Each structure stands twice: as structure tokens, then as C-alpha cells.
Amino acid sequence: AMAGPRGEAIHGLERVSRHAAFWSLGALGLGCAAAARHAGSIVFYSGPAAVAIIGGAHQDYRYRGTGQLTPERDAATSALPFAALLAGRQSWQDVLEELDWPNAGAAMLFATGLAVRRLVRA
């Protein structure tokens with residue numbers, strides 16, 4: 001595994017994105033925007049994705065300046081979710097090995113329950 005600025009290996013969510021917290025909210029906003037029925041709501045719910053893009057770029061800029069984001073780590077990871085994996089800079093096998101399957105299954109069941117509930121109510 002790649003080492004970070006202080007020797008830490010790249011693992012977990014950082015394989016998917018350097019800005020997982022930003023993008024988790026961005027994805028939630030984009031999901032709400034996809035379900036919205038009015039243009040104003042779509043724009044409003046797209047805001048967190050804009051914050052993820054702008055905030056992630058700003059954070060990378062700051063971390064490059066302080067040396068916390070080394071050129072090697074920058075090249076091995078991505079600001080956009082899954083970009084490093086799709087480009088082959090990170091290993092899908094490593095992601096699958098590090099995934100907490102019980103938690104992922106519980107999250108999928110919960111999300112499926114919410115989707116079914118929404119469909120039944122419609």
C-alpha cells in the first residue's frame with residue numbers, strides 16, 4: 001500500500017476519495033435533487049455537491065501547501081469518489097478486503113427499506 005506523508009498507508013475510505021465526508025453529504029444532496037420536482041429544489045439540493053467540489057479543491061490546496069498532501073499521495077488517491085479506483089491507482093481487491101460487510105449489508109437493507117416505503121406511499 002502507498003504510504004502517506006508520515007508513513008501512514010492509504011486505506012479505507014481514502015481509497016475511494018480523499019474527501020469522503022464532503023462527498024457523503026454531496027451524494028445525499030444529489031439523491032434528494034434527483035427526487036425533487038421543482039427547479040428551485042433541484043438547485044437547493046445540489047448545493048452540497050458544489051460544496052464537496054469547491055471544499056475538496058480548497059482543502060487539497062491547503063494540504064499541498066503544508067505538505068500534508070504529498071505529490072505521491074495526491075497521485076495515488078482522488079478528490080472525486082471512485083476516480084482513483086477507476087483509473088487503476090487503487091485496488092478494488094483492497095477495498096473489498098477492507099469493507100466491513102455487516103455494516104454495508106445493514107446500510108443496504110436500511111436504504112432498501114426507505115426506497116420501498118417511498119414507493120408504497122406513492
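A residue counts as exposed when its relative accessible area is over 50%, as buried when that area is under 20%, and as partly exposed in between. Arginine 121 has a relative accessibility of 63%, so it counts as exposed. The model described here is predicted.

**Salt bridges**

- The structure holds 6 salt bridges.
- Side chains of opposite charge can pair when their charged atoms come close.
- One of the salt bridges joins glutamate 98 to arginine 15, with 3.0 Å between the closest N and O atoms. This pair links distant parts of the chain, since glutamate 98 belongs to helix α5 and arginine 15 to the segment before α1, 83 residues apart.
- Arginine 18 forms a salt bridge with aspartate 60, and their closest N and O atoms are 2.7 Å apart. Here too the pair links distant parts of the chain: arginine 18 sits in the segment before α1 and aspartate 60 in helix α2 (residues 39-66), 42 residues apart.
- Both arginine 18 and aspartate 60 are buried.
- Arginine 18 also meets aspartate 74 in a salt bridge between their side chains, at 3.2 Å from N to O. Aspartate 74 lies in helix α3 (residues 71-76), and 56 residues separate this aspartate from arginine 18, so the pair again links distant parts of the chain.
- Arginine 18 has a relative accessible area of 17%, which is under 20%, and therefore counts as buried.
- Salt bridges link Arg18, Asp60, Arg64 and Asp74 in a network.

- Histidine 19 is placed in the segment before α1 (20-35).
- With a relative accessible area of 4%, histidine 19 is buried.
- Leaving aside residues up to four places away in sequence, histidine 19 touches Gly56, Gln59, Asp60 and Ala79.
- With glutamine 59 there is a polar contact between the two side chains, at 2.8 Å.
- Asp60, touched by histidine 19, is also the salt-bridge partner of arginine 18.

**Largest pocket**

- Rolling a probe the size of a water molecule over the atoms shows where empty space is left.
- The largest pocket contains about 360 Å³ of space. Its lining is made of 15 residues, of which Leu13, Val16, Phe82, Val95 and Leu99 are the closest to the centre.
- Two or more lining residues come from each of the elements α1 and α5 (92-98). Helix α5 gives the most, with 4 residues.
- Sorted by class, the lining has 11 nonpolar, 3 polar and 1 charged residues.

**Position of arginine 121**

- Arginine 121 lies in helix α6 (residues 101-121).
- The C-alpha atom of arginine 121 is separated by 36 Å from that of isoleucine 54, and the two residues are 67 residues apart along the chain.

How values were computed
Residues numbered from 1 in each chain as written. Predicted model: local features only at pLDDT ≥ 70, side-chain atom pairs only at ≥ 80, totals over all residues. Heavy atoms only, no water. Buried < 20%, exposed > 50% of the residue type's maximum accessible area, 1.4 Å probe, protein only. Polar contact = N/O pair within 3.5 Å; in protein donor to acceptor, adjacent residues only side chain to side chain. Contact = heavy atoms within 4.5 Å. 1 Å grid on protein atoms, 1.4 Å probe; cavity = no way out; pocket = protein on both sides within 12 Å on 5 of 7 lines; lining within 4 Å. Points joined across faces, edges and corners; volume = space filled by probe spheres on them. Nonpolar A, V, L, I, M, F, W, Y, C, P; charged D, E, K, R; others polar. Salt bridge = Lys/Arg side-chain N within 4 Å of Asp/Glu carboxyl O.
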